[in-house]
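Thanks for coming. I have one structure to go through today, so please look at the screen.

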Amino acid sequence: MKRTSLLALAASVMAIASGAAQAQERIKFNYWYGLTGDLGEVMEKHCALFNQSQDKYEAVCSGQGGYDKAEQNTIAAYRAKQHPTIVQIYDAGTVNFMLSGAIYPANKFAEDYKLDIDWSAYIPGIANYYATSKGEMWSFPYNSSTAVFYWNKDAWAKIGKSEAPKTWAALGEDLKAMKAAGVECGFAFDFDTWMNLEQFSAINGLPLATNENGYGGLGAEVAFNKTAFVDHMKLFKDWLDAGYARIQTAQVGKTLVQSFADGSCASTTTSIANHGTIKKTQVDGLNWDVAMLPTLEDGKRTNSIVGGASLWVMEGKSKEEYEAAAAFLKYVTAADTGEKFIAENTGYIPVTMKGFELLKSDGFYADPRYAGREVAIESLTASGVTPLSRGIRLGNFTSIRAEVRSELEAAFTGQKDIQTALDDAADRSNQILRRYEQTYRGTDLP
């Protein structure tokens, strides 16, 4: 018995050693991602599932503590020649990476490493954000979202309505009526520019900047202080002053997502990616739904624009690392192992119509946990993509977002009037653009 046990133990040790050796022999590559918290855990799981799916390659996945940090860390690492093979970069970093000289364009990478990708299958409202002026995809769309309107059906029932308002003016009338009916907070908002400025401008066909929102070249200037966005923010200020709406940010103790999920505010606008969070954290009995964002004019709507991030392949890696990266990209962008996984584990949406149809056929949108998320697809495909709804291509756009956010906060806290605040934000934003243009003097946008 003792000899048998020793033989069994030896065989076990040899098997473990053999498995370890095989694991060590796997070709590794680094993947950096920006998502944090619960979504960061989903990224870790996606990596683990890929690593379990085969024994030739291994993705070494590292969270960077946020989208901004993922971009900054990757740029610094590239200069030190210690960059990852693949990095997840959010929408605002697109033009910076396009002009960086540090990336391996997705369309060329797919061709070189035999990735069978139908680029035309991507939802146009998503593809156009990451495509060059010639329509070439330089990154792989991965986790995508758009903004939608979250509304409490019971609060609207108090004023005899069973549908979400279709225009901002109608929302204002509903908020007034709900206040009279005893609803203390009809609408929660914050200073986020992606929802309040970028999505609003796109769906209403308004320019955020000249040169077709920057797609026409680096000489663009912002235009948001000269459009209906100014009056839109004045409307929000009126609602705030009248007690119809509240500012809800972490700084005041509760985010707009939290204020909707706990029932304290009857509506808000935020990403479809928060759909799952609200389902998980809502108070018992909360009766809610999502709708497309209101528009300025009833029946006049352009497609909304995408949020989220895409995957970029970096230059300067070995053929073996690229082969491993190709296997990973094939796995995480496939309709079943990629899009379906992301949709089921987050609030993000499929990025191709094939992925959307797969989820529909599986009954995904009939499940009460996910019902309503198809509204995001409807919003992204509400029209053909126009020069003002394909996206935003402004250098250092993260800094521009910060300027606008800061000035909106100043306006809504009574330090400035709306027009002055947006004029000041525009002035500083244009300074950012001119410095960026100077940095890339003589360079054309791809």
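This is a predicted model: local features need pLDDT of at least 70, side-chain atom pairs count only at pLDDT 80 or more; totals for chains, interfaces and linings use all residues.

Let me start with strand S11, which covers residues 307-314. Is S11 buried or exposed? It is mostly covered, with eight of its eight residues buried.

Now the partners. Which strands are joined to S11 by bridges? Strand S3, residues 86-90, runs antiparallel to S11 and is joined to it by five bridges. Within that pairing, Ile-86 stands opposite Val-313. Strand S4 is residues 103-104, and two bridges join it to S11, again antiparallel. There, Tyr-104 has Val-313 as its bridge partner. At Ser-145, the bridge partner in S11 is Gly-307.

On to the helices. The pair I take up now is H2, residues 37-53, and H15, residues 335-345. Their axes lie 11 Å apart, and the packing angle is about 150 degrees. Angles over 145 count as roughly antiparallel, and therefore that is the description for H2 and H15. Their crossing is right-handed. From H2, the contact uses Val-42, Met-43, Lys-45, His-46 and Leu-49, and from H15 it uses Thr-337, Gly-338, Phe-341, Ile-342 and Asn-345. Sorted by type, the residues of this contact are five nonpolar, four polar and one charged.

The other pair is H11, residues 229-242, with H19, residues 418-439. How are H11 and H19 oriented to each other? They pack at an angle of about 130 degrees, with axes 10 Å apart, and are therefore oblique. The crossing of H11 and H19 is right-handed. In H11, the residues involved are Phe-229, Val-230, Met-233 and Lys-234, and they meet Ile-418, Gln-419 and Leu-422 of H19. That contact divides into five nonpolar residues, one polar and one charged.

That is the end of my part.

Conventions
Residues are numbered from 1 along each chain as its sequence is written. Side-chain values use heavy atoms; hydrogens and water are left out. Buried means under 20% relative accessible area, exposed over 50%, partly exposed in between (1.4 Å probe, protein chains only). Helices (H or I, at least four residues) and strands (E, at least two) are DSSP runs, numbered from the N terminus. Two strands pair if DSSP finds at least two bridges between them. Axes are lines fitted to C-alpha atoms, for helices over the stretch in contact, and angles run from 0 to 180 degrees between N-to-C directions. Angles under 35 degrees count as roughly parallel, over 145 as roughly antiparallel, 65 to 115 as roughly perpendicular and the rest as oblique. A crossing is left-handed if the near helix is turned anticlockwise from the far one by less than a right angle, and right-handed if clockwise. Contact means heavy atoms within 4.5 Å. Ala, Val, Leu, Ile, Met, Phe, Trp, Tyr, Cys and Pro count as nonpolar, Asp, Glu, Lys and Arg as charged, and the others, Gly among them, as polar.
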